[in-house]
Amino acid sequence: MAHRPGLQFLHTPGPTHIPDRVQNAMHQKAVDFASPDFMDLAVSCFDDLKPLFGTEGEVFIYTSSGHGAWEAAFVNLFEPGDVVLIPETGRFSRVWGEMAEALGLEMETIPNDWRHAIDPGAVETILRNDTEHRIRGVLVVHTETATGVTSDMQAIRRAIHAAGHPALFVVDAIASWLTTELPIDAWGVDVAIAASQKGLMLPPGLSFAAVGDKALAAAKECKTFREYWSWNARLGVEQYRRFCGTAPEQHIFGLREAIDILGEEGLDNVFHRHRRLAAAVQLAVEAWSRGGALEVNAVRPEERADSITAIRTTEGLDAEDIRRVAREVFDVACGGGLADLAGKVFRIGHMGDLNDPMVLGALGGIEAALGYLDIAHQSGLADAASHLAETAPHLIEPADKRQYV
Ligand SMILES: *Cc1c(COP(=O)(O)O)cnc(C)c1O
């Protein structure tokens, strides 16, 4: 491969950019994972993950992709034949639902056009009609990475409550964790699922389940065979059990550093930064869209995700062409369209270790790709930059603003 000068801009919605501090922290020799030093470090991670989920419950770490933690939620909480409600949001809700069926669960859904959030009213109606309480869990994707739509978790919690239904509330927060607020105890979420390669800024390879008291109690009753995924087994007395096997040491070194970085920035600032960067991206896409060839996939502005923007192309324009030129010619890697959206959307990830010029750089590269392909568009860079200027934190007060006009 020929040398490519400069930075390659990674804007896939996972994996995301890994900060040097995290990568350097991982650059360590193997250690004895039963040593007190390593165990103390691991225990500090388990403890310090809790506030990142807003929980006083338990957080479990798996050496797996997010799919592993998805499966963990099923096998710890439900038994074959149980009914779960998984409202459709896009490709990820669909695949999670297929996993439910593969594990012998009965899956109900609420159809969706992949451009709108889950309708809490529809959830409430289904639960109200379930007078025998056959539905054991409501499983929802918070931010659907395939569509760039975020659903309202508090509204869904209220819907479950309004229906007076005892179902467990399980949230796939893989694309929203550490980009968008989701304090699980305060919001009545029983289980949140996350993974390392998105907002956490780590390499792929770890997944997480944050589990509240109601779900821990349900897991104690659940008879489904399980061992690696078992929350009960992992809460056993031996520390060794916490990972159910050899600890993923280098990932834990990186995790410690990532938690420290998040602590230094402050969670509220992390959420605020993601919101600003998302708004800048969405303003740019709106300007591009005035040419008539593109459109933000999420129809309602208030449902647009803080971590990922999916952009639809007009009929006859292959979104893969834009993605290929952006990556191969302008060094900006975006996500492609998944499943029903293949060729119809490309996706800009804006989660994790990003600042303003990184996002402006990515937008510039994509805009150059639109020009290269002669796709009608208006420039969106000025709108994005103005928004960032208007909403920037006030670190510097110009001595006398008049001198700048
Ligand atoms: C990325 C993602 C997944 C899958 O995570 P893997 O680590 O690839 O298994 C699931 N759900 C959502 C919402 C995601 O963004």
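Figure 1. Residues are numbered from 1 along each chain as its sequence is written, and side-chain values use heavy atoms, with hydrogens and water left out. Because the model is predicted, local features need pLDDT of at least 70 and side-chain atom pairs count only at pLDDT 80 or more, while totals for chains, interfaces and linings use all residues.

**Figure 2. The shell around the ligand.** The ligand is surrounded by 13 residues. Gly66, His67, Thr145, Asp172 and Lys198 are the closest. Helix H3 (residues 66-77) supplies the largest share, 3 residues. Helices (H or I, at least four residues) and strands (E, at least two) are DSSP runs, numbered from the N terminus. The shell holds 5 nonpolar, 6 polar and 2 charged residues. In this count Asp, Glu, Lys and Arg are charged; Ala, Val, Leu, Ile, Met, Phe, Trp, Tyr, Cys and Pro are nonpolar; the others, Gly among them, are polar.

Figure 3. Contacts shown are pairs of N or O atoms within 3.5 Å. Gly66 places a backbone N or O atom 2.7 Å from a ligand oxygen atom. Ser65 has a polar side-chain atom 3.2 Å from an oxygen atom of the ligand. Asp172 has a side-chain N or O atom 2.7 Å from a ligand nitrogen atom. The ligand alone exposes 380 Å², and the protein buries 90% of that area. Areas come from the Shrake-Rupley method with a 1.4 Å probe.

Figure 4. The Gly14 to Pro15 peptide bond is cis, with omega near 0°. Pro15 lies in the loop between strand E1 (9-11) and helix H1 (20-26).

**Figure 5. Leu178 and its backbone angle.** Leu178 has a positive phi, near 70°, and is not a glycine. Most residues other than glycine have a negative phi, and most peptide bonds are trans. Leu178 sits in the loop between strand E8 (168-172) and strand E9 (191-195).

Key:
Near = heavy atom within 4 Å. Polar contact = N/O pair within 3.5 Å; in protein donor to acceptor, adjacent residues only side chain to side chain.
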